[in-house]
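Reader: I would like a close look at one kind of link in this chain. Please keep it simple and take me through it step by step.

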Amino acid sequence: MSAVGSPHWSPVAWRAHAAAQQPAWPDAAALERVLATLREWPPLVFASEARRLRAALGEVAQGRAFLLQAGDCAESFDDVSAESLHERLKLVLQMAIVLTYGAGVHVVKVGRIAGQYAKPRSSPTEVVDGAEIQSFRGPMVNSGIATAEARVPDPERLVLGYQRAAITLDLLRGFATGGFADLGRVHTWNREFVASSPVGRRYEGLADEIHRALRFMRACGVDVERDARFRSVELWTSHEALLLDFEEALTRRDPESGQWYDGSAHLLWIGERTRAVDGAHVAFLAGVANPIGVKLGPSASVDDVLGLCERLDPERSPGRLTLIARMGARQVRERLPALVNAVRAAGFPVVWACDPMHGNTALAGDGRKTRHFDDVLGELEGFFDVCRAASVWPGGIHVELTAGDVTECLGGGDDVRPEDLGLRYTTTCDPRLNGRQSLDLAFRVAERLRG
Ligand code: PEP
Ligand code: CO
């Protein structure tokens with residue numbers, strides 16, 4: 001039976017289960033005060049919006065749309081300027097137009113944005129200058145500064161996270177309705193990318209085709225510059241639902257449907273480290289009616305995945321569940337086919353997406369975490385091949401990126417080399433594709449989808 005709508009489920013249901021990856025808050029009373037505040041404050045997003053995203057993802061599940069989920073590994077509290085958001089949105093739109101043309105279907109755009117402030121860690125502590133201190137768990141928990149004091153979890157950061165998310169959402173909504181970018185302008189930006197470098201020029205043919213398609217539409221009388229359908233820049237929000245105290249405090253019953261919705265974001269996902277079927281994260285998200293995702297790493301078994309589907313989408317409702325495979329380029333062809341086939345045979349209408357980042361993290365010579373563009377592409381290639389062999393729609397991609405000119409991932413058209421990593425390595429957590437690597441990726445995926 002579905003936990004969504006069950007009279008036996010409530011936002012505290014997760015408390016009866018083991019919750020992995022929760023911070024050791026030092027002061028329970030201080031935490032409770034903060035949570036009481038958050039319970040009073042309005043949800044950041046509304047049930048009706050989450051329902052609309054769920055319907056859009058239902059289209060993806062049925063092969064009639066494609067999902068682009070993208071953004072920072074961990075957003076920074078210092079990165080809420082209009083300019084920065086404008087750049088991030090611009091990049092996602094540039095990628096989306098290319099993917100729309102390649103896939104021949106609408107692209108549903110979901111940001112890792114307005115709430116991606118908490119991180120699971122492989123180890124609860126790390127050693128810095130000989131001293132063992134708590135690991136950085138994202139700005140909503142503690143500071144990135146590497147001192148014992150700065151790493152003590154501070155519940156006031158939950159309030160700061162809510163406020164940063166609210167500011168970001170306010171800007172996003174403004175851009176969405178303010179005619180920020182019509183299709184023609186986004187295409188012009190892409191042509192600039194294509195003209196500006198040898199790697200861009202590789203995509204001249206595709207960009208020209210898009211150009212001709214737009215010209216054709218204009219000739220048919222479609223006002224590409226002013227038509228509302230081509231000016232909408234709807235970017236849905238998502239983050240990993242890691243801190244269950246926070247998610248619980250923002251969960252409200254929707255008066256219209258009577259169902260519970262987590263009002264912290266439109267889509268919430270469960271990470272690779274917290275996807276135990278009988279764990280607290282699954283128990284929590286099983287009961288909210290938002291669209292949800294689950295990351296699946298190479299250790300995920302058929303039983304694990306069918307158990308998750310049964311628990312999270314017992315009603316087999318398209319758009320409810322997105323499975324995000326992150327197997328790594330070397331394992332995707334071996335590990336993914338059994339999962340895709342079993343889920344299909346059991347009749348779960350999930351969206352299959354590929355996160356080609358988290359299974360491809362490596363340490364560079366200088367000790368920095370990095371990822372090679374070729375591995376990212378290689379995993380995507382494997383994902384598309386596996387889906388094709390199983391006659392399953394490859395529903396989308398999930399990537400960590402930023403619009404800036406960072407040097408965090410190796411390779412790509414501009415060939416970031418190991419010795420370049422130190423130049424502009426600014427991520428607060430995992431290495432992100434930079435703006436040009438991201439466009440490079442979008443064109444490659446578009447070529448692949450068209451083929
Ligand atoms: C992430 O998406 O930043 C992350 C930690 O992913 P995963 O749970 O797949 O390791
Ligand atoms: Co990450």
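Is Glu248 buried or exposed, and what is its relative accessible area?

Author: Glu248 is buried, with a relative accessible area of 11%. Buried means under 20% relative accessible area, exposed means over 50%, and partly exposed lies in between (1.4 Å probe, protein chains only).

A word on the ground rules. This is a predicted model, where local features need pLDDT of at least 70, side-chain atom pairs count only at pLDDT 80 or more, and totals for chains, interfaces and linings use all residues. Residues are numbered from 1 along each chain as its sequence is written, chains are lettered from A and ligands numbered from 1 in the order in which they are written, and side-chain values use heavy atoms, with hydrogens and water left out.

Now the link itself. Glu248 forms a salt bridge with Arg15, and their closest N and O atoms are 2.9 Å apart. The two partners sit 233 residues apart: Arg15 is in the segment before helix 1 (28-40), and Glu248 is in helix 9 (residues 244-249). Helices (H or I, at least four residues) and strands (E, at least two) are DSSP runs, numbered from the N terminus. A salt bridge is a side-chain nitrogen of Lys or Arg within 4 Å of a carboxyl oxygen of Asp or Glu. Arg15 is partly exposed, at 44% relative accessible area. The structure holds 33 salt bridges.

Take another pair. Arg191 and Asp208 form a salt bridge through their side chains, at 3.3 Å from N to O. Arg191 belongs to helix 5 and Asp208 to helix 7, so this bridge ties together parts that are 17 residues apart in sequence. Arg191 counts as partly exposed, with 33% relative accessibility. Asp208 is partly exposed too, with 30%.

Asp208 brings us to helix 7. Helix 7 covers residues 204-219, which is 16 residues. From first C-alpha to last, helix 7 reaches 22 Å, close to the 22 Å expected at 1.5 Å a residue. That expected span is 1.5 Å times one less than the number of residues. Leu206, Ala207, Ile210 and Leu214 are the buried residues of helix 7. Seen down the helix axis, they fall within an arc of 100 degrees, so they line one face of helix 7. The arc is that of the directions from the helix axis to the C-beta atoms. An α-helix has 3.6 residues a turn, so residues three or four places apart point the same way. The face of helix 7 turned away from the buried side carries Arg215, Phe216 and Ala219, which are exposed. After helix 7 comes Gly221, whose phi is positive, near 100 degrees.

Now a third bridge. Glu408 and Arg432 form a salt bridge, with closest N and O atoms 2.7 Å apart. Both residues lie in the loop between strand 14 (394-400) and helix 14, so the pair ties together parts that are 24 residues apart in sequence. Glu408 and Arg432 are both buried. They also belong to a network of salt bridges that links Asp72, Asp79, Arg88, Glu408 and Arg432.

So what do we have? Arg15 and Glu248 join distant parts of the chain. Arg191 and Asp208 tie helix 5 to helix 7. Glu408 and Arg432 are linked in a network.
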